[in-house]
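Trainee: I am new to this structure. Could you show me how to read it, one feature at a time?

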Amino acid sequence: MNRASGILLPVTSLPSKYGIGCFSKEAYEFIDELKEAGQSYWQILPLSPTSYGDSPYQSFSSFAGNPYLIDLEALIEEGVLTEEECSACDFGDNPSLIDYEKIYRKRFSLLHLAYERSYITQNLGFVRFVQDNAFWLEDYALFMAVKQRFDGAAWSEWAEDIRKRWGFALDYYRRECYFEIEFFKYIQFKFQEQWLRLKAYANKQGIRIIGDIPIYVAFDSADAWANPEMFQFDSEYRPIAVAGCPPDAFSATGQLWGNPLYRWEYHRQTGYEWWVRRIEHCFQLYDVTRIDHFRGFDEYYSIPWEEETAENGHWEKGPGMELFTTLQNRLGQKDIIAEDLGLQTASVHRLLKDSGYPGMKVLEFAFDPNEETGYLPHCYDKNCVVYTGTHDNETLVQWYHGLDDECKAFAEEYMDNADTPEEEKYWDFVRLAMMSSADTCIIPLQDYLGLDKMARINKPSTVGGNWVWRMEKGPLPEEVKEKVYNLTRISFRLNGQGREESGVDIIE
């Protein structure tokens, strides 16, 4: 794998005309800027529909796309919406922040209007899309339509007949909700149509897309409702146990995520068919896929249902290498990044090595002088992806301001940058990541721009104020693009050429 680099930026964080980043002209312009800056990758967050807390990691479906990302201007060009109708909607008055409540209240009404005017059943592309994606689309569209009938309630609160998917109830709601079901199929068709057009443009410009999937699905999801046998549920389809993380130095009570846990023995008996389909679907959308919480495939933390904290959980054995061998046998070798952050055991290291997938290194975890860490660059092997920080971390500027004097002194000594002005220190960490031996380096856009805490994407274990940051309207400053390009060139990562194509001899 050649040396290469890219930028991490959620699609929702792009500027756009109607309140949230989407597949609009600004996304195409950002791809052009990535190319101009010598980059090879655009890493995004999950494209799934968001539910509680607006998190892309808690979704109504692991297969569906987020309707908020559909470009309204493209629908105006199609003639199914007008500019006056879109401009009349209040999507929020702060271009730097996403107002999800206003987006939710206005976006769906516009999309429904577009659907009503679309004559979509006469579109042969739509007919093929529905046929090709029936294995997940039928359940998802029905799930969303029935959820509307029950005023948005979680499926666990629905009437027993449809909650348990009795045959006559399924038939009844398919008839009663026919047009709403078709509407949800329509918006999935428009999502995929627009996204694949954008991805094709990126690939043509030499930019590969790194996607992201959570290991778990949300309890209130079409996946859990339509496939209860896949999860650790009791006879009433309530979770027996849920996912999370044990107490550690960051949280005395651990993290209680609440996602249903997989019944891995069932998946094994089916030849991991659902996982094969899920990963296959990912690679229709992305060129590279980052799998969140890789440790959970080796061992997963099980917390009894109805516990209020993660303190009383315990570790259970996951599917291990058997799952990834199955994926490789069925789908061939795929470009997967394993999110292996946090406390790791010997068995997790062995699983990562056996899979051959690159793991992750985060510089913000590296500079504790009192603790040995594998996150300092001299520890890296080539088969890894280095980040200054991820979507869950502080921006570099925010993080550096919060370091104590001992950690700052250690960082200065490690990088020999005591003479760098305080306000420019962040750039030395960017440079350190780019110059490391890691084959791939991904830098959040906020860290290239030197932005502070207002640009943080997510603070784990909190609700509210997350996933809302948006970049300023307009092109990236020319001086920033030039600086990124020069750093990419001198670190031999230019447009994925690496050293091998740059004319520099390599002695292995």
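**Reading the model**

Mentor: Start with one residue. Lys-353 is found in helix H14, which covers residues 346-355. Keep in mind that this is a predicted model.

Trainee: Is Lys-353 buried or exposed?

Mentor: Exposed. Its relative accessibility is 72%, so Lys-353 counts as exposed. Lys-353 and Asn-383 are 30 residues apart along the chain, and their C-alpha atoms are separated by 9.9 Å.

Trainee: Now the sheets. Which strands form the open sheet with antiparallel pairing, and in what order?

Mentor: The general idea comes first. In a regular strand, side chains alternate between the two faces of the sheet. Here, 4 strands form an open antiparallel sheet, in the order S5-S4-S7-S8. Its edge strands are S5 (255-260) and S8, each pairing on one side only. From one strand to the next, the twist averages 50°.

Trainee: How many bridges join the strands of each pair?

Mentor: Take the pairs in turn.
- S4 and S5 run antiparallel and are joined by 3 bridges. Gly-244 stands opposite Leu-256 in S5.
- S4 (residues 241-245) and S7 (residues 299-304) are also antiparallel, with 3 bridges. Ala-243 has Ser-302 in S7 as its bridge partner.
- S7 and S8 (residues 314-317) pair in the antiparallel sense over 4 bridges. Glu-299 has Lys-317 in S8 as its bridge partner.

Trainee: What is the strand order in the sheet with parallel pairing?

Mentor: That open sheet has 8 strands, in the order S9-S6-S3-S2-S1-S12-S11-S10, and the pairing is parallel. Its edge strands are S9 (336-338) and S10, and each pairs on one side only. The twist averages 25° from one strand to the next.

Trainee: Which helix packs on the sheet?

Mentor: Helix H12 (residues 273-285) packs on it, touching S3, S6 (288-291) and S9. The direction of H12 makes about 135° with that of S6. For a pair inside this sheet, take S2 (residues 41-43) and S3 (residues 208-213), which are parallel over 3 bridges. There, Tyr-41 has Arg-208 in S3 as its bridge partner.

Trainee: Next, charges. How many salt bridges are there?

Mentor: Side chains of opposite charge can pair when their charged atoms come close. The count comes to 31 salt bridges. Glu-33 forms one with Lys-481, with the closest N and O atoms 3.6 Å apart. This pair links distant parts of the chain: Glu-33 is in helix H1 (residues 25-36) and Lys-481 in helix H19 (residues 478-490), 448 residues apart. Glu-33 is buried at 9% relative accessible area. Lys-481 is buried too, at 7%.

Trainee: What about Glu-78 and Lys-190: how far apart are their closest N and O atoms?

Mentor: They are 2.9 Å apart, and the two residues form a salt bridge. Glu-78 sits in helix H2 (residues 72-78) and Lys-190 in helix H9 (residues 178-204), 112 residues apart. Glu-78 counts as partly exposed, at 42% relative accessibility. Lys-190 is buried, at 5%. Elsewhere, Lys-25, Glu-26, Glu-73 and Lys-473 are linked in a network of salt bridges.

Trainee: Which side chain of opposite charge is nearest to Lys-361?

Mentor: Asp-340, and it is 5.6 Å away. A salt bridge needs nitrogen and oxygen within 4 Å. Lys-361 is buried yet has no salt bridge. It lies in strand S10 (residues 359-362). Beyond its neighbours within four places in sequence, Lys-361 is in contact with residues including Tyr-375, Tyr-380 and Cys-384.

Trainee: How many disulfides does the structure hold?

Mentor: A disulfide is a covalent bond between the sulfur atoms of two cysteines. This structure holds 0 disulfides. For Cys-89, the nearest cysteine sulfur is that of Cys-86, 6.6 Å away.

Trainee: Last, a whole helix. How many residues of H17 are buried?

Mentor: In H17 (residues 425-435), 9 of the 11 residues are buried, so the helix is largely enclosed by the rest of the structure. Among them are Trp-427, Phe-429 and Met-434.

Methods
Residues are numbered from 1 along each chain as its sequence is written. This is a predicted model: local features need pLDDT of at least 70, side-chain atom pairs count only at pLDDT 80 or more; totals for chains, interfaces and linings use all residues. Side-chain values use heavy atoms; hydrogens and water are left out. Helices (H or I, at least four residues) and strands (E, at least two) are DSSP runs, numbered from the N terminus. Buried means under 20% relative accessible area, exposed over 50%, partly exposed in between (1.4 Å probe, protein chains only). Lys and Arg count as positive and Asp and Glu as negative; His and the chain ends are not counted. Contact means heavy atoms within 4.5 Å. Two strands pair if DSSP finds at least two bridges between them. A disulfide is a pair of cysteine sulfur atoms within 2.5 Å. Axes are lines fitted to C-alpha atoms, for helices over the stretch in contact, and angles run from 0 to 180 degrees between N-to-C directions.
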